[in-house]
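Thank you all for coming.

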Amino acid sequence: MHKGTESDWRGSWRAAGVAFLLGTASTIAQLVLLREFLGAFAGNELIIGFVLGCWLALTAFGAEIGRRWRRGGTLALLVGLEIVAGLAPLLQIAAIRLVRATLLPGTAPGPDLALGSTVLILLPGCFANGWLFALLVRLVTEDRGQESGQAYLFETIGLAVGGLAYSVFLCVRLASFDLAVLIAAQNSLAVIVLSRSRGRRRVAAAAGLVLALLFGCVYGLDLDARTLQAMYPGGRIVAQAHSPYGHVVVTESGGQRAFFQQGVPLFTTQDTAAREARVHFALAQRERMDAVLLVGGAACRAADEVLKHAPAR
């Protein structure tokens, strides 16, 4: 039975911690990007299938490359892949929104554009995550003499924690770029752990500096507002909110406000024709009414049209 030294024990737990961070970050990234694709492409089950299928295939491709890699330089490669995986979500969110900006307002992309852009946008991050996991498994099994199940276990725990945290808290509290910065912070922490385990303190310090610069760039330039505005060229964004059910955006143009959920138009204010069509076609079929139940429609002032029929209540 193998009896590891104290340094072996610490090293194996460092690798397990990095696997946990990889699982957490990759799950949050997948959910954030899935929501972005749904909002940009007026998505349905087909878009969900494209994203999940491409994610699985591209990650498996990266893992296969990592399994076959035998050229050494494991630490440098791990650090490089962590950097790619950390920066990818920021660039991917911006790319998704810019693809949406190239389409005419109110239109949805065809299957060819949706699939092609999904593959190209997901490729860097998924490939890096797959390669990273394969290298971590090798680090645990070959360098540390541990069972590969340890890396799988902690990565799976990270997946569960990331999914639970996003569903319960993160999706309603933080915007997409906030979550992308969180993912970059997790990958920077992984770089610091890996570098310090091999005595590369300068690399760890550089990772912290890059994270600070990234933080300043995202919030100093307000990338979230700039890229989101590109998706709604017909009006100025006056409000937005995140919920477990989608992303709601309100735009204003010429005193008229339009409401969108996941990029799909819901209704606009000061649209008399739409308001009348919503109410009068139904109520004109009744000679007399004692009560009218109006579900929704308050923002577009549908109640004003209902009152023209003089209901009792």
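This is a predicted model: local features need pLDDT of at least 70, side-chain atom pairs count only at pLDDT 80 or more; totals for chains, interfaces and linings use all residues.

Let me start with phenylalanine 61, which counts as partly exposed because its relative accessibility is 46%; buried means under 20% relative accessible area, exposed over 50%, and partly exposed in between, with a 1.4 Å probe and protein chains only. Residues are numbered from 1 along each chain as its sequence is written, and side-chain values use heavy atoms, leaving out hydrogens and water.

Now to the pairs: rings of Phe, Tyr and Trp (its six-membered ring) pair if their centres lie within 6.5 Å, and planes under 30 degrees apart count as stacked, over 60 as edge-to-face and the rest as tilted. By this rule there are five aromatic pairs. In one of them, the ring centres of phenylalanine 61 and phenylalanine 127 are 5.4 Å apart with planes at 45 degrees, so this pair is tilted. Phenylalanine 61 sits in helix 2 (residues 45-68) and phenylalanine 127 in helix 4 (residues 111-143), so that the pair links parts of the chain 66 residues apart; helices here are DSSP runs (H or I, at least four residues), numbered from the N terminus. Together with Trp131, Phe61 and Phe127 form one aromatic cluster.

Phenylalanine 133, by contrast, counts as buried, at 14% relative accessibility.

Terms used:
Helices (H or I, at least four residues) and strands (E, at least two) are DSSP runs, numbered from the N terminus.
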